[in-house]
Amino acid sequence: MSIMNSINTDFITDTGVTVTPTTVHIGAEIGGVDLRKPLTGDQVTVIRQALNQWKVVFFRNQPLDHQQHINFGRQFGDPTVAHVVFGSDGKYPEIYPITKHRTSFASRPAATRIWTDWHTDITAAVNPPFGSILRAVTIPPYGGDTQWTNMAAAYRALSPTMQSFLGTLRAIHRFKRADSGKDAQAYNEKVNNKALISEHPLVTVHPETGEYCLYTNSEFVQEIVGLTKAESDLLLNYLWEHCIRPEFTVRFHWQADSIAFWDNRSTQHLAIRDVYDTDFDRELYRVTLNGERPIGVDGKPSKSLSGQPIGTIKKP
Ligand code: SIN
């Protein structure tokens with residue numbers, strides 16, 4: 001199967017799937033495929049190649065229901081439980097609702113902290129999901145976009161000296177506590193009950209592309225092992241700012257039936273919170289695909305300090 005470069009920016013494969021990059025470093029829109037139907041092996045290969053290259057791929061006009069969403073995900077990996085800490089809904093245990101007020105998921109405490117900061121999904125686990133697939137159902141007429149950043153590009157932009165130093169370091173990832181809000185206590189109880197804490201390398205090797213990726217995010221990482229608090233805070237704050245330089249990022253404007261599929265091994269993402277300044281609703285659903293332990297540039301894997309690896313949901 002070949003990929004033909006037709007008009008420089010648009011790749012049409014002989015499967016009929018089109019891959020149109022959205023920025024230089026990250027993001028591509030994929031067309032010519034109906035995700036409600038089972039994909040051919042070649043279509044899966046093209047989408048996976050696009051994901052590896054562009055880190056996040058977007059699809060438009062894909063009116064999937066929950067089951068079709070899960071089936072789409074299964075062609076790329078094993079779905080995890082909806083959320084390892086907040087649990088799942090009985091009928092579709094793989095589906096995690098991401099709604100403005102988080103009302104549609106009984107076991108998930110209401111949003112005491114309005115969504116999250118820049119992050120990679122569930123890096124408190126020793127085997128964070130490798131991929132996440134988010135499907136839009138209710139979308140505001142404007143606002144409520146999502147951004148992703150390419151952590152391999154961010155790594156490549158550092159000096160060789162900084163790259164070597166970071167390659168020797170590891171950091172601790174855990175859930176933040178909620179400090180205020182009416183449901184803070186319930187939220188903290190859930191997080192404490194699971195007590196997921198892991199030590200990951202600060203630079204990981206992507207298992208499919210071999211790229212070196214910065215592996216840190218301000219939502220889950222609190223300290224770098226072996227540095228003083230002042231050293232660790234300064235370095236982390238520098239890296240978090242560096243990672244989200246505009247040229248490493250893409251911003252996606254959702255429509256109903258849009259889908260974003262991203263690689264958690266090489267990206268961070270951010271749900272922009274402007275929608276909280278409006279009365280607009282926003283409702284999306286996510287399926288995450290099980291991942292392996294990240295591996296550092298020294299060949300050493302991540303280590304669990306507390307809690308169990310994330311499990312999968314087998315096909316019934
Ligand atoms: C997520 O953080 O996984 C969801 C991002 C979003 O709601 O845009």
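Two strands count as paired if DSSP finds at least two bridges between them. Strands themselves are DSSP runs of E with at least two residues, while helices are runs of H or I with at least four, and both are numbered from the N terminus.

Before you click on anything: this is a predicted model, where local features need pLDDT of at least 70, side-chain atom pairs count only at pLDDT 80 or more, and totals for chains, interfaces and linings use all residues. Residues are numbered from 1 along each chain as its sequence is written, and side-chain values use heavy atoms, with hydrogens and water left out.

**Stop 1: a four-strand sheet**

Select strand 9 (residues 170-174) and strand 10 (residues 197-201): five bridges pair them in the antiparallel sense. Now pick out Ala171, and you'll find His200 of strand 10 opposite. Zoom out, and these two belong to an open, antiparallel sheet of four strands, ordered 13-9-10-18. Strand 13 (221-224) and strand 18 (303-306) are at the edges with a single partner strand each, so one side of each has no neighbour in the sheet. Direction ignored, neighbouring strands here are turned by 25 degrees against each other on average (axes are lines fitted to C-alpha atoms).

**Stop 2**

Next, select strand 8 (residues 146-150), which runs antiparallel to strand 16 and is joined to it by five bridges. Which residue of strand 16 stands opposite Trp148? That's His269.

**Stop 2: the ligand**

The shell includes Ile98, Asp121, Trp262 and His269. By class, the shell has four nonpolar, three polar and three charged residues (here Ala, Val, Leu, Ile, Met, Phe, Trp, Tyr, Cys and Pro are nonpolar, Asp, Glu, Lys and Arg charged, and the others, Gly among them, polar).

An N or O atom in the Thr146 side chain is 2.5 Å from one, and a polar side-chain atom of Arg286 is 2.8 Å from one. For His119, a polar side-chain atom lies 3.1 Å from a ligand oxygen.

**Stop 4**

Finally, select Phe59 in strand 5 (residues 56-59) and Phe72 in helix 2 (residues 66-74). Their ring centres are 5.8 Å apart and their planes at 80 degrees, so this is an edge-to-face pair (centres within 6.5 Å, planes over 60 degrees apart). The two residues are 13 apart in sequence, so the pair ties those parts together.

Notes
A residue is near a molecule or strand if one of its heavy atoms lies within 4 Å of it. A polar contact is a pair of N or O atoms within 3.5 Å; within protein, one must be able to donate a hydrogen and the other to accept it, and residues adjacent in sequence count only if both atoms are side-chain atoms. Rings of Phe, Tyr and Trp (its six-membered ring) pair if their centres lie within 6.5 Å; planes under 30 degrees apart count as stacked, over 60 as edge-to-face and the rest as tilted. Axes are lines fitted to C-alpha atoms, for helices over the stretch in contact, and angles run from 0 to 180 degrees between N-to-C directions.
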